Amino acid sequence: MNISLSKKIRIFWLILLFFIIIFLAYQFISPGGDWNCEYSFSSLRGSSCLGEAAPSERAIKTQGGPLLILGEPVYFSVFSPRRFSHVTVQITYRPHLSSSTPIFEAGFLADKKLWRYRLQPVYNLWLEQGLSSWTKLSSGDLRLFQRENKFSSVSEFISAWQNQGSSFCSRPRCLAVYNVSLEDAPPALDLRSLSQSSEDTIFPYPLRGEHQFYIFLDKQGLSLSGNLIDLNENKDIDDAEILIFSGKNQVASLSLPDERPQKEESGDQVLAQPIKIVNSDLPAGLYRLEFRAGDDLILSDLSVNSSYLSVINKIWPFTENEVSLVTDAPYLQVKALSPAALQTLDFGGRRLELTEIYKQYELKGARWGGENIRLNTGSLILANNGMFAASSSALINPDYPRLDRFSSLDGQLDFVLANYRPATINEDAWLSSTLEFEAFDLYRERGRYSLILSIPGLLAEGGGGGSVEIKSINVEFSGASLIDKIKDWLHL
Amino acid sequence: MKKYFVSNNLYRLLARESFYFFSALLATGAVIESLLPGFFRLYFSIPVLSGFWLLSLIVSLLCIKEKK
């Protein structure tokens, strides 16, 4: 058979195109169950599975050199052809950090609605260098640092901790933790020492958006009530829910779907929608309440049959009146989102003038322990690593102090327990850290995960604190292979 | 009215088939990008492919001669 040259050429490129499509299909299916995204910042490749670092003013791409991070957080998008169940991130870097920016973490966006990232430690200056004079014990990735040599092994410490709580402490709150799961750990305070009072606590300020609370029921049964107000300022549907946890177990919930007739973005406020949870079966004990809602929703007139009602880590009081709060953390982070909220606030006698919106201000308190906060008007977002309450008698903090950039290693702490894998030093003097994440529930949009690099306290706008050079980021996704999937479908 | 025909030589043939190939590849890329944004671009440079496509188009057009 005589085939013309024209047909031969056409058959050739059709076969080539066919193999290109087969190659792309193979990459998309990833039949081996893994997918690798490797990017070196010194390479000149323009397009990559790793997106550009954003915002650009926080990360400088040097010509043929590493990525220089000057501010935090920095975001990347990471492409994957499909979902995987596990992801390993290897970062090669050189940290130039200080005591004001001792922690370098990375992670993925897990909840888009509440903007929650799942973070893992990359480099911790204190654990690597700052606690060098302390006794160090290791068991796997679990590390125990002791100011004085009291325990001979990590397992001995864990056993004493689980059985006797923090009784090994010679002073209160002597144990700080870092990246340790505390769901099965004993609370940091002795619940028997809490006052037994049957009075209800009413939180006097409306709260905007997502909040978490600790309550303590001194007898069986929970009774919670409040009102929900929808501001209808943004375009999203404003579903909400209230979840109640005992340790890591969810014990009750209330779903609050947005069935209000008012249109989103109309600015029409709905009359307060009453909410109520009555659960007479809940035994006495400590509970965590989670109010999951967007920023359009206001929770007001919150009342609960507990004499303790603490807001965990972040509070956004929504009122034009004066606000008076207490917190047990030695610092305060403040952000105003509207010009009307700009003011001079008082934190434990220290005053802070807010002059810019969307700027995060920080203020350190004069002493360790409870501090009063006075605001001329609400509508500020207040945050720290402690609790907020309307009065000191309502404040309860069952959490262990976390080793963060505000921790004082000189005085309060005697033990630090950390789940931390030290950085490895490469031959070329760069450091390398490997992070592991469960990826099945990570947020993924248009084929991309959102990766964050966080160095709390690192400010690009002249705030100092150092910098981090990133040489390369290698993201390895893994999960079920094609054969596993087929077996799963066939129930083999 | 002028009439045209395509000259019968190897360059014209290669240019025409290259134009068809790059058109098909770019169309495949467009379909894949609409389904999986960024996936096709991981392996192929769109500016380079577009450049070859344009080059093959220009060469094909240059090979068209006026019929005498």
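1. Helices, in the sense used here, are DSSP runs of H or I spanning at least four residues, numbered from the N terminus. On that basis, A:N2 belongs to the segment before α1 of chain A. The model under discussion is a predicted one.

2. The surroundings of A:N2 deserve a remark. A residue is called exposed if 12 or fewer other C-beta atoms lie within 10 Å of its own; A:N2 counts as exposed because it has 4 C-beta neighbours inside 10 Å. Between A:N2 and A:H86 the separation is 84 residues in sequence and 55 Å in space, C-alpha to C-alpha.

3. Chain B itself has 68 residues, of which 15% count as buried. Its secondary structure consists of 3 helices and 2 strands, arranged β-α-α-α-β from the N terminus on. When contacts in chain B between residues at least 6 apart in sequence are considered, 79% join residues at least 24 apart.

4. In chain A, the domain assignment gives domain 1 as 36-127 + 421-482 and domain 2 as 308-395. The centres of domain 1 of chain A and domain 2 of chain A, taken over C-alpha atoms, are separated by 31 Å.

5. The largest nonpolar core holds 48 residues, and the members that touch the most others are A:I215, A:L309, A:I373 and A:A389. Leaving aside residues up to four places away in sequence, A:A389 touches A:L309, A:S310, A:V311, A:L325, A:V326, A:A394 and A:L395. As general background, nonpolar side chains tend to be buried together in soluble globular proteins.

6. A hairpin is formed by β6(A) and β7(A), with 4 residues between the two strands. In its turn, A:W115 has a positive phi of about 55°. Strand β6 (residues 103-111) of chain A pairs with strand β7 (residues 116-124) of chain A in the antiparallel sense, over 8 bridges. One position can be followed in the structure: A:E105 has A:P121 in β7(A) as its bridge partner.

7. An open sheet of chain A is made of 4 strands in the order β8-β9-β28-β10, with mixed pairing. Since β8 (135-139) and β10 (175-178) of chain A stand at the edges and have a single partner strand each, one side of each is left without a neighbour in the sheet. On average, neighbouring strands of this sheet are turned by 15° against each other, direction ignored.

8. Within that sheet, β10(A) runs parallel to strand β28 (residues 415-419) of chain A, and 4 bridges join them. There A:A176 stands opposite A:V416 in β28(A). Helix α3 (residues 154-164) of chain A packs on the sheet, touching β8 and β9 (142-146) of chain A. The direction of helix α3 makes about 90° with that of β8(A).

9. Is helix α4 (residues 482-489) of chain A largely in the open or buried? Of its 8 residues the number buried is 0, so helix α4 lies largely in the open. Just after α4(A), A:H491 takes a positive phi of about 55°.

Definitions and conventions
Residues are numbered from 1 along each chain as its sequence is written. Chains are lettered from A and ligands numbered from 1 in the order in which they are written. This is a predicted model: local features need pLDDT of at least 70, side-chain atom pairs count only at pLDDT 80 or more; totals for chains, interfaces and linings use all residues. A residue is buried if 20 or more other C-beta atoms lie within 10 Å of its own, exposed if 12 or fewer, and partly exposed in between; C-beta atoms are placed from the backbone. Two residues are in contact if their C-beta atoms, placed from the backbone, lie within 7 Å. Domain bounds come from an automatic or database domain assignment. A nonpolar core is a set of buried Ala, Val, Leu, Ile, Met, Phe, Trp, Tyr and Cys residues joined through C-beta atoms within 7 Å. Two strands pair if DSSP finds at least two bridges between them. Axes are lines fitted to C-alpha atoms, for helices over the stretch in contact, and angles run from 0 to 180 degrees between N-to-C directions.
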